Amino acid sequence: MLSRLFAPKAKVSAHCDLPCGVYDPAQARIEAESVKAVQEKYQANEDADFRARAITIKEQRAELAKHHVSVLWSDYFKPPHFEKYPQLHTLVNDTLKALSAAKASNDPATGQKALELIAEIDRIFWETKAA
């Protein structure tokens with residue numbers, strides 16, 4: 001009797017873990033923009049203390065960007081998305097690898113590469129939202 005009393009009255013479902021609006025590739029893009037900006041500032045400054053702080057900040061931002069991309073891959077994108085966009089698994093993997101490369105490098109070109117890949121994830125993301 002108690003099980004019927006506390007049983008759900010309605011069944012709900014969603015294509016993601018929470019109602020839409022919580023996932024957005026902009027979070028990854030903002031962090032990756034920070035990575036590239038720090039790389040540029042690193043190149044323009046010879047002060048050893050500044051450079052040490054820049055490396056720490058760049059590595060933190062790269063990890064945050066990787067986290068946001070990983071969350072999109074594991075929590076937002078679902079089998080129908082991977083069917084429609086078969087390149088998505090490879091794109092996410094390449095993006096994570098590019099962010100790792102940017103984390104390990106002070107060359108702004110590595111940050112730019114990560115931004116270009118995130119832009120492609122962003123394009124696909126918004127196409128899935130429009131569907």
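These notebook entries record what I looked up in a predicted model.

**Entry 1. Helix 2**

I began with the length of helix 2. At 1.5 Å a residue, its 18 residues should span 26 Å. I found its end C-alpha atoms 26 Å apart, which agrees with that expectation.

I then asked which residues of helix 2 are buried. The list is A26, A28, E31, A32, V35, V38, Q39 and Y42. For the cover over these buried residues, I noted that helix 3, helix 5 and helix 6 are included.

A37 also has its place in helix 2. I recorded A37 as partly exposed, because its relative accessibility is 29% and buried would require under 20%. I also looked up the separation of A37 from Q112, a residue 75 positions away along the chain. Their C-alpha atoms are separated by 9.7 Å.

**Entry 2. The nonpolar core**

My next subject was the largest nonpolar core, for which I noted 22 residues. Those with the most contacts inside this core are V69, L72, F77, L88, L99 and I121. Helix 2, helix 3, helix 5 and helix 6 each supply at least two of the core residues. Which helix gives the largest share of this core? It is helix 6, with 7 residues.

**Entry 3. Salt bridges**

How many salt bridges does the count give? I recorded 8 salt bridges, and I examined several of them individually.

In helix 2, which runs over residues 26–43, I looked at E33 and R29. Their side chains meet in a salt bridge, with N to O at 2.9 Å. The two residues are 4 apart in the helix, so about one helical turn separates E33 from R29. Both ends are partly exposed: E33 has 35% relative accessibility, and R29 has a relative accessible area of 36%.

I next took K103 and E63, which form a salt bridge whose closest N and O atoms are 2.8 Å apart. Helix 5 (residues 88–104) holds K103 and helix 3 (residues 48–76) holds E63, so this pair ties together parts that are 40 residues apart in sequence. K103 counts as partly exposed at 26% relative accessibility, and E63 counts as partly exposed at 35%.

The pair E120 and R123 was my next check. Their salt bridge has its closest N and O atoms 2.5 Å apart. Both residues are in helix 6 (residues 108–130); being 3 residues apart there, E120 and R123 are separated by about one helical turn. I noted E120 as partly exposed, with a relative accessible area of 27%. R123 is likewise partly exposed, with 35%.

Finally, I looked for salt bridges that share partners, and found that they join E63, K66 and K103 into one network.

How values were computed
Residues are numbered from 1 along each chain as its sequence is written. This is a predicted model: local features need pLDDT of at least 70, side-chain atom pairs count only at pLDDT 80 or more; totals for chains, interfaces and linings use all residues. Side-chain values use heavy atoms; hydrogens and water are left out. A salt bridge is a side-chain nitrogen of Lys or Arg within 4 Å of a carboxyl oxygen of Asp or Glu. Buried means under 20% relative accessible area, exposed over 50%, partly exposed in between (1.4 Å probe, protein chains only). The expected span of a helix is 1.5 Å times one less than its number of residues. Contact means heavy atoms within 4.5 Å. A nonpolar core is a set of buried Ala, Val, Leu, Ile, Met, Phe, Trp, Tyr and Cys residues joined through side-chain atoms within 4.5 Å.
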